[in-house]
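Subject: Structure for you to look at

Dear colleague,

I am passing on the structure we spoke about, together with its sequence, so that you can look at both before reading on. My notes on what was found in it follow below.

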Amino acid sequence: TTKYIDAAGQQFNIKIPKGIHEGAKLRVKGKGMPHPVNSSAPSGDAIIIMHILTDPNMVVTGSDIWIDITLPFYDMLLGCESEVKTPVSTVKIKVPKNSNEGKVLRIVGKGMPIYNTDQYGNLMVKLRSSNVNLSEEQLEYIKKVKELENA
């Protein structure tokens with residue numbers, strides 16, 4: 001992307017390369033502070049330090065994006081499809097049958113762009129189980145499943 005910078009009396013656009021990482025420094029020649037003594041000397045360079053803003057529900061580790069999703073336990077047991085929002089799109093994921101709380105699904109190529117390449121990191125989806133309020137009838141079915149497990 002390109003961002004407009006207005007700092008220290010200088011105004012300029014800077015091209016931010018795809019896949020730049022947190023803390024990276026970009027140097028813009030001649031857009032820094034003027035020479036403190038010699039006004040005819042060229043201005044110094046501006047050093048721009050990148051700070052990556054992300055969704056508070058996501059953690060970026062290198063080029064991988066980590067996110068938790070919460071599903072009813074029965075969807076985790078039976079398997080399901082779910083949608084996960086990433087910074088650039090919505091991704092459909094398939095939760096396999098008999099998934100447990102804490103299971104991590106890796107979706108290859110749906111993470112952050114990798115600097116200086118056309119590749120992307122992974123989307124790492126950690127499954128969480130939500131609380132559900134089951135009816136008495138539903139609880140009876142769960143008891144039957146438990147009895148079958150112990151038989």
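Two strands are said to pair if DSSP finds at least two bridges between them, and the strands themselves are DSSP runs of at least two residues, numbered from the N terminus. Please keep in mind throughout that this is a predicted model.

The open sheet is made of four strands in the order 5-6-10-9, with mixed pairing. Strand 5 (58-61) and strand 9 (104-107) each have a single partner strand and stand at the edges, so one side of each is left without a neighbour in the sheet. From one strand to the next, the twist averages 30 degrees. The partner of strand 9 is strand 10 (residues 123-130), and these two pair in the antiparallel sense over four bridges, with Arg 106 standing opposite Met 124 in strand 10.

The loop between strand 9 and strand 10 holds two residues that I would like to point out, Asn 122 and Thr 117. Asn 122 has a relative accessibility of 15%, and because buried means under 20%, Asn 122 counts as buried. Leaving aside residues up to four places away in sequence, Asn 122 touches a number of others, including Ser 63, Asp 64, Ile 65, Arg 106 and Ile 107. A polar atom of the Asn 122 side chain also lies 3.4 Å from the backbone nitrogen of Gly 109. Thr 117, in contrast, counts as partly exposed at 29% relative accessibility, and a polar atom of its side chain lies 3.1 Å from the backbone nitrogen of Gln 119. Thr 117 and Ile 16 are 101 residues apart in sequence, yet 14 Å apart in space, C-alpha to C-alpha.

Finally, the nonpolar cores. The largest has 17 residues, of which Ile 93, Leu 123, Val 125 and Leu 127 touch the most other members. Two or more residues are given to this core by each of strand 6 (64-72), strand 7 (80-85), strand 8 (90-95), strand 9 and strand 10, and the largest share, four residues, comes from strand 6. Apart from this core lies another of eleven residues, among them Ile 5, Ile 14, Ile 16 and Ile 20. As for Ile 93, the residues it touches, not counting those up to four places away in sequence, include Ile 69, Cys 80, Leu 105, Ile 107 and Val 125.

With best wishes

Definitions and conventions
Residues are numbered from 1 along each chain as its sequence is written. This is a predicted model: local features need pLDDT of at least 70, side-chain atom pairs count only at pLDDT 80 or more; totals for chains, interfaces and linings use all residues. Side-chain values use heavy atoms; hydrogens and water are left out. Axes are lines fitted to C-alpha atoms, for helices over the stretch in contact, and angles run from 0 to 180 degrees between N-to-C directions. Buried means under 20% relative accessible area, exposed over 50%, partly exposed in between (1.4 Å probe, protein chains only). A polar contact is a pair of N or O atoms within 3.5 Å; within protein, one must be able to donate a hydrogen and the other to accept it, and residues adjacent in sequence count only if both atoms are side-chain atoms. Contact means heavy atoms within 4.5 Å. A nonpolar core is a set of buried Ala, Val, Leu, Ile, Met, Phe, Trp, Tyr and Cys residues joined through side-chain atoms within 4.5 Å.
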